[in-house]
Amino acid sequence: MKYGNIHIVETSDGSHTIKIVDIDEHYHSVNGALHESMHVFINNGFYYINSNKLNILEMGFGSGLNAMLTFAESEKSNRTVEYTALELYPVDEEIFSKLNYAEILNVDPNKYFLPLHTCEWNKNIELNKNFIFKKINTDLNKYADNKHFDIIYFDAFAPDRQSELWTETVFKKMFSILNIGGILVTYSSKGEVKRNMRNAGFKVKRLQGAAGKHHMLRAEKN
Ligand SMILES: C[S@@+](CC[C@H](N)C(=O)[O-])C[C@H]1O[C@@H](n2cnc3c(N)ncnc32)[C@H](O)[C@@H]1O
């Protein structure tokens, strides 16, 4: 199943996002897609963990923005990243080829962006010697692997849309695949989400949210 009618829309900081028209749901905040990804996943996730070698899991590869930013930041900060991205409904070329992320960041789309979309699924791809990328075409609830992670970017659609992905059971699974000291970051700070994370074993911290949102969450496995 795909999402039916989808459009590219421009968000407040000029970066694009994808809108699922029928259910009026966006892949990012309309108050700035790039701003939100940098704030939630890069500044409060990627740069929170102090290690030169990171294993990252992204729940919901979608437009590829988080993966692209992580790729670019891993080079800038000279860190080695193994990045695994899960996606149930890949975005079509007709859409991803028009997204303006590389242009806005002034980086080469043929290096940092398009290969993320066009590379083979379910296979480790060395995009450079410090960035190993694997995208897996699966439902999070069916994902099973022995691999452990330092950071999980939890970027599902909003809890009101996809309540089945924000449950205690799902967070228990996320907890079990994190290394000790590992974190899960997400843009949502809903009370029920926080409770489900705590019941799953996480120590949860509410942080300042990206533009348009009061808070976000960082859940830590101690
Ligand atoms: C909020 S969007 C975020 C996408 C992405 N992080 C980005 O920067 O564009 C959520 C993504 O999760 C994917 N998704 C939804 N349900 C899923 C599931 N059960 N398993 C894996 N991916 C799922 C959607 O198709 C969508 O691409």
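The model examined here is predicted. In this model, the shell contains 18 residues, of which Gly60, Gly62, Ser63, Leu88 and Asp155 are the closest to the ligand.

The largest nonpolar core consists of 53 residues, and Met59, Ala67, Met68, Ile152, Tyr153 and Leu184 have the most contacts inside it. Helix H1, spanning residues 33-46, gives the most to this core, contributing six residues. In soluble globular proteins, nonpolar side chains tend to be buried together. When neighbours within four places in sequence are left aside, isoleucine 152 is in contact with Leu57, Met59, Met174, Leu178 and Leu184.

Helix H1 is largely enclosed by the rest of the structure, because 11 of its 14 residues are buried. Among these buried residues are Met38, His39, Val40 and Phe41. The helix is also kinked by about 30 degrees, with the kink centred on histidine 39. The end C-alpha atoms of H1 are only 17 Å apart, short of the 20 Å that a straight helix would reach at 1.5 Å a residue.

Leucine 116 is located in helix H6, which covers residues 114-118. This leucine 116 is classed as buried because 21 other C-beta atoms lie within 10 Å, where 20 or more are required. Residues up to four places away in sequence not being counted, leucine 116 touches Gly64, Ala67, Met68 and Phe133. From glycine 14, leucine 116 is separated by 102 residues in sequence and by 22 Å in space, C-alpha to C-alpha.

Terms used:
Residues numbered from 1 in each chain as written. Predicted model: local features only at pLDDT ≥ 70, side-chain atom pairs only at ≥ 80, totals over all residues. Near = placed C-beta within 6 Å. Core = buried A, V, L, I, M, F, W, Y, C linked by C-beta atoms within 7 Å. Buried ≥ 20, exposed ≤ 12 C-beta atoms within 10 Å, placed from the backbone. Helix = DSSP H or I, 4+ residues; strand = E, 2+ residues; numbered from the N terminus. Contact = placed C-beta atoms within 7 Å. Expected span 1.5 Å × (residues − 1). Bend = angle between axes of the 7 residues up to and from the residue.
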